Amino acid sequence: MTAFSKRFLLCAVAYVVVGMALGTHMGANQDFKLAPLHAHMNLVGWATMALFAWFYNAVPAAAEGKLAQAHFWIAQVGIILFIIGLYMVLNENMAGEPILIGGEMLTSLSMLIFGYKVWGTDTA
Ligand code: HEM
């Protein structure tokens with residue numbers, strides 16, 4: 001595995017460990033208010049980041065250069081802002097709204113960069 005893929009995958013594991021703990025907490029307390037946060041941590045944080053890791057491992061050339069580094073950091077800052085903002089909004093603290101929107105925009109940008117990377121990959 002390349003070091004760049006491992007970095008993405010370790011972040012993915014960190015998000016799903018917290019996401020699963022949140023799921024367990026929700027179930028134990030029968031309080032599902034934070035279910036959308038749990039879903040996004042697991043699907044954006046875990047599933048999406050793990051797919052990024054898989055791609056960069058399969059196509060190491062795509063991991064070279066500044067755009068790949070930017071992809072990594074935009075994806076991480078995006079999901080962290082997303083988590084903070086969504087947590088606040090789900091707790092009816094509307095000060096979290098701009099944080100959530102910033103997180104959504106960065107998360108979307110990271111997916112556009114990923115699409116560009118896939119588009120630019122040579123086919124066999
Ligand atoms: C220890 C592991 C996990 C536990 C204990 C757990 C627990 C839960 C609970 C209690 C709910 C709320 C159910 C309800 O509203 O009635 C839920 C919803 C959900 N979970 Fe998990 N979950 C786990 C792992 C995952 C993983 C790995 C994913 C995705 C990769 C995932 C995706 C979702 C989604 C999409 C929802 C629906 C959220 C919504 O309705 O807004 N969960 N989970």
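**Helices side by side**

Guide: Let's start where two helices touch: F4, R7, F8, C11 and Y15 of α1 meet A68, F72, Q76 and I79 of α3. Keep in mind that this is a predicted model.

Visitor: What makes α1 and α3 roughly parallel or antiparallel?

Guide: Look at the angle. α1 and α3 pack at about 5°, with 11 Å between their axes. Angles under 35 degrees count as roughly parallel, so α1 is roughly parallel to α3. By class, the residues of this contact are seven nonpolar, one polar and one charged.

Visitor: How do you know how α3 and α4 run relative to each other?

Guide: The axes of α3 and α4 cross at roughly 150° and come within 7 Å. The cut-off for roughly antiparallel is over 145 degrees, and α3 and α4 are therefore roughly antiparallel to each other. Their crossing is left-handed. The contact of α3 with α4 has 18 nonpolar residues, along with seven polar and two charged ones.

Visitor: How many helices and strands does the protein have?

Guide: Four helices and zero strands. Going along the sequence, you read α-α-α-α. The C-alpha atoms fill a box of roughly 50 × 30 × 20 Å along the principal axes.

Visitor: How do you know that the span of helix α4 agrees with its number of residues?

Guide: Do the check with me. Helix α4 covers residues 97-119, which is 23 residues. The expected span is 1.5 Å times one less than the number of residues, which comes to 33 Å for α4. The C-alpha atoms at its ends are 33 Å apart, so the two values agree.

Visitor: Which residues of α4 are buried?

Guide: I99, L100, G103, L106, T107, S110 and K117. Each one counts as buried because 20 or more other C-beta atoms lie within 10 Å of its own. These buried residues pack against α2 (35-58) and α3 (66-90). Across the protein, buried residues make up 31% of the 124 residues.

Visitor: And M105: why is it called partly exposed?

Guide: M105 is in helix α4, and has 14 C-beta neighbours inside 10 Å. Buried needs 20 or more and exposed needs 12 or fewer, so a count in between means partly exposed.

Visitor: What makes L34 count as buried, exposed or partly exposed?

Guide: Its neighbour count again. L34 has 17 C-beta neighbours inside 10 Å, and a count between the two cut-offs, 12 and 20, means partly exposed. So L34 counts as partly exposed. L34 is in the loop between α1 (3-29) and α2. Leaving out residues up to four places away in sequence, L34 touches L22, M26 and L90. L34 and L22 are twelve residues apart in sequence, with 8.1 Å from C-alpha to C-alpha.

Visitor: How do you know whether E92 is buried or exposed?

Guide: E92 has 8 other C-beta atoms within 10 Å. With the exposed cut-off at 12 or fewer, E92 is therefore exposed. E92 lies in the loop between α3 and α4, and its phi is positive too, near 60°, in a residue other than glycine.

Methods. Residues are numbered from 1 along each chain as its sequence is written. This is a predicted model: local features need pLDDT of at least 70, side-chain atom pairs count only at pLDDT 80 or more; totals for chains, interfaces and linings use all residues. Two residues are in contact if their C-beta atoms, placed from the backbone, lie within 7 Å. Axes are lines fitted to C-alpha atoms, for helices over the stretch in contact, and angles run from 0 to 180 degrees between N-to-C directions. Angles under 35 degrees count as roughly parallel, over 145 as roughly antiparallel, 65 to 115 as roughly perpendicular and the rest as oblique. A crossing is left-handed if the near helix is turned anticlockwise from the far one by less than a right angle, and right-handed if clockwise. Ala, Val, Leu, Ile, Met, Phe, Trp, Tyr, Cys and Pro count as nonpolar, Asp, Glu, Lys and Arg as charged, and the others, Gly among them, as polar.
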